[in-house]
Amino acid sequence: MKRVLVVALRELLAFFLSPMAYVIGFLFVFFRGWETLALAKSFADSGQDLNAFPMLYAMGLCGQMMAVLAPPLLTMRLFAEEKRTGSLELLMTAPVKDWEVVLGKWAASLVFFMVLWAPTVLLLLLLQAPWLLGAHLAAGPIFTVHLWVLLAGGLFLAVGLFCSSLTQNQLIASISALVIINLLLWGPFIVARAGWVPAEGIWRELFSQVYILDHIQSSFGLGLIDTAHVWFYLSTTALFLFLTVRSVESRRWV
């Protein structure tokens, strides 16, 4: 694990030196702050139930765009750029295994992704001021909402890393990751709206596990943790990381 940490620190330093990361962070914090303040003002004026605030906070347009757009942008260079410049081969000649490189790059992107979300946690504390919500927000739903952000972010970053390992072109890597992430996020939603969901049985249970948007409404947004949903994110993330390792290993046969 020491070599994983070394790779992660290397990539994390590159993130903090990248102007793209700061642009993403600034735009997200600015628009997220404006969106959240507007939502808080709406709750304060209408007297809505504050228990619904964390769920609407997580389902906000800016939050969804951050979850969908940031992972492809953060991961598109991690393998694609190194392949193009030839630095990946230099890295692979070091005494480090393929899975350690993949895990280190993914861990670094996940840490930076959560750093981008950190200011919004502080914003939630400010929202409890008398001139905004003027009430205490329950800690449970706030924690579970951000747990969902962590789990879904880890999955989407693994998707982006996999797509980056398939090409030398960053644009292709980001677009392909964006397509897969949107399929994961909106595919089940479209199926549900079209009425193609099985009424009962194992297929119904399977559909409920992959319906990411419903996870917020049925568990995480209500302050609940469904272990089946947690296992879905962990197992799917592991699957894409495994595919990334296999993709990186395939360079030996080219």
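Visitor: How do the residues in the lining of the largest pocket divide by class?
Guide: In this predicted model, the lining of the largest pocket has 12 nonpolar, no polar and 1 charged residues. Ala, Val, Leu, Ile, Met, Phe, Trp, Tyr, Cys and Pro count as nonpolar, Asp, Glu, Lys and Arg as charged, and the others, Gly among them, as polar.

Visitor: Which residues lie nearest the centre of that pocket?
Guide: Leu27, Phe28, Phe31, Cys62 and Met65 lie nearest the centre, out of 13 lining residues. A pocket here is an open set of points on a 1 Å grid over the protein atoms alone, with protein on both sides within 12 Å along at least five of seven lines; a cavity is a set of points where a 1.4 Å probe fits but cannot get out, and lining residues have an atom within 4 Å of a point.

Visitor: And which element gives the most to the lining of the largest pocket?
Guide: Helix α4 does, with 7 residues. Both α2 (19–46) and α4 (61–85) supply at least two residues each. Helices (H or I, at least four residues) and strands (E, at least two) are DSSP runs, numbered from the N terminus.

Visitor: How much space lies in the largest pocket?
Guide: About 300 Å³. A volume is the space filled by probe spheres set on the grid points, which are joined across faces, edges and corners.

Visitor: What about cavities: how many are of 30 Å³ or more?
Guide: The count is 1 cavity, and the largest cavity has a volume of about 30 Å³. Its lining consists of Ala67, Phe113, Trp117, Trp148, Val149, Ala152 and Gly153. The elements giving two or more residues to this lining are α6 (98–126) and α7, with the largest share, 4 residues, coming from α7. By class, the lining of the largest cavity has 6 nonpolar, 1 polar and no charged residues.

Visitor: Is α7 mostly covered or mostly open?
Guide: Helix α7 is mostly covered, with 23 of its 27 residues buried. Buried means under 20% relative accessible area, exposed over 50%, and partly exposed in between (1.4 Å probe, protein chains only). Helix α7 (residues 139–165) reaches 39 Å from its first C-alpha to its last, close to the 39 Å expected at 1.5 Å a residue; the expected span is 1.5 Å times one less than the number of residues.

Visitor: Where is Tyr233, and what does that residue touch?
Guide: Tyr233 is found in helix α11 (residues 227–249), and it counts as buried because its relative accessibility is 0%. Not counting residues up to four places away in sequence, Tyr233 touches Trp148, Leu151, Ala152, Leu155, Ile212, His215 and Phe220; contact means heavy atoms within 4.5 Å. Tyr233 and Gly153 are 80 residues apart in sequence and 9.4 Å apart in space, C-alpha to C-alpha.

Visitor: Asn169 next. Where is its place?
Guide: Asn169 is in the loop between α7 and α8 (170–193). With a relative accessible area of 36%, Asn169 is partly exposed. Asn169 and Met76 are 93 residues apart in sequence and 8.4 Å apart in space, C-alpha to C-alpha.

Visitor: How many helices and strands are in the protein chain?
Guide: There are 11 helices and 0 strands. Of its 254 residues, 46% count as buried. Among contacts between residues at least 6 apart in sequence, 77% join residues at least 24 apart.

Visitor: What conventions apply to the numbering and the values?
Guide: Residues are numbered from 1 along each chain as its sequence is written, and side-chain values use heavy atoms, with hydrogens and water left out. Local features need pLDDT of at least 70 and side-chain atom pairs count only at pLDDT 80 or more, while totals for chains, interfaces and linings use all residues.
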